[in-house]
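Hi everyone, thanks for coming. Let me put today's structure on the screen, and then I'll walk you through it.

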Amino acid sequence: MSKKKLGLNTICTHVGEIKDKQFKGAISPIYLSTSYEFDNVDVKRYPRYFNTPNQEHLVKKIAALENAEDALIFASGMAAISHMFLAFLQKGDHLVVQNTLYGGASNFIKEELPKYGIEFTFTNGYHVSDFEAAIQPNTKLIHIETPSNPLLTITDIKAVADLARAKGIVSSIDNTFASPINQNPIDFGINLVMHSATKYLGGHSDILAGAVAGSKEDIERIWNVGKNLGGSLSDFTVWMLERSMKTLGLRVKAQTKNARKLAKYLDKHDHIAKVNYPGLKNHPEHNLAKSQMHDFGAMMSFELIEGIDAMAFQNQLNLIKSSMSLAGVESTMLLPSETSHALLTQDERDTVGISNKLIRFSVGIETFKDLKSDIAQAINSTKTASFA
Ligand code: PLP
């Protein structure tokens, strides 16, 4: 089944389901076996080979959503990134990677890649010229993140994909913040799309998983590394992820609708100094985002005005949870300097613009007016305390 023929919510609900031939149940059965018949079978099934029935079926849904030929699912988003990098980079190779990047990915690059003799350059910015400037004769992979965590910078996907292809370099993207509902980078020529499936694909803050989608050939190359590294996802979680993804389209569209309204509300608020949301006309890459995203997503970040403490504000929220992760159906906020990007040095955070006041906001599916009043009351309480 291809995305061209089926609507988005039909893909989310049905592509990759396993027919329950035995009992004719409405949902995919779960196969927890870690041991399968060996003799006289074409496929040697084993969970670490990414080929149990549930693993093999769910990747079809992910591939269909990303307009990809194939996909693999992993035990975490970091497992997806690390397998992808290690499949396309070897000793002596060079990686060009965007400087505005999820903190865990930056740590992996800095702490692990040197052990394999792999060189890397973080770009000075997120424009195509910054990527071009960082390319070396031994560059084998260019990795981007757009919209980026937590600054929501937007990189020109097609321009970077074209640049990479012209130089014979593989391109990859972290598409976690947009989700396949709001952005399909393969349509712009990117080779590999990865997700922290812990985020929108899972969507209920109860699954740790990752995914990579791409051509059959590229996915097979990652599979060859994956069977050795062993980062596949347990079948119980695969089954939960399939269940979650049935509502991916509904959830992300509702979250995006709320985010659009909340970004406008925050942008106009006297006590908010700055809002980073690609859907706002004052976002520096608003037009670019419009041209490459189906919609602007449900992630944003903002800063309160001088004199209102960000942590005190967060502590005053009643409905919106102060929480580490993102993209669940519940709205959450956090300070990246204390959490997702805490392992970066102050200097590194200052260079890319992650201030200690920056608040990351993952918008959920709650009723808009309730989210708005929670923010309003938290600002009022913090303001009164700060200026008392
Ligand atoms: N990519 C992005 C943009 C993320 O926000 C995260 C986690 O926060 C990851 C990758 C890593 O995913 P995981 O925590 O599932 O390993």
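Predicted model: local features only at pLDDT ≥ 70, side-chain atom pairs only at ≥ 80, totals over all residues.

The protein chain splits into domain 1, residues 8-245, and domain 2, residues 248-386. How many salt bridges are counted between domain 1 and domain 2? The count is one. Polar contacts join the domains as well, with 17 residue pairs counted between domain 1 and domain 2.

Now for the interface as a whole. The C-alpha centres of the two domains are 26 Å apart, and 45 residues of domain 1 touch 41 residues of domain 2. Between them, the domains bury about 3,300 Å², with 60% of it on carbon and sulfur atoms. On the domain 1 side, Ile 154, Asn 182 and Tyr 200 lose the most area to domain 2, together 22% of what that side buries.

Next, the ligand. There are 14 residues around the ligand, and those that come nearest are Met 78, Asp 174, Ser 196, Thr 198 and Lys 199. By type, the shell has five nonpolar, six polar and three charged residues.

Lys 199 places a polar side-chain atom 2.8 Å from an oxygen atom of the ligand, and Asn 149 has one 3.1 Å from a ligand oxygen. Altogether, the protein covers 90% of the 390 Å² of accessible area that the ligand has on its own.

Terms used:
Residues numbered from 1 in each chain as written. Heavy atoms only, no water. Near = heavy atom within 4 Å. Polar contact = N/O pair within 3.5 Å; in protein donor to acceptor, adjacent residues only side chain to side chain. Areas by Shrake-Rupley, 256 points an atom, 1.4 Å probe, with all protein chains shown as cover. Nonpolar A, V, L, I, M, F, W, Y, C, P; charged D, E, K, R; others polar. Domains from an automatic or database assignment. Contact = heavy atoms within 4.5 Å. Buried area = accessible area lost by both parts, 1.4 Å probe. Salt bridge = Lys/Arg side-chain N within 4 Å of Asp/Glu carboxyl O.
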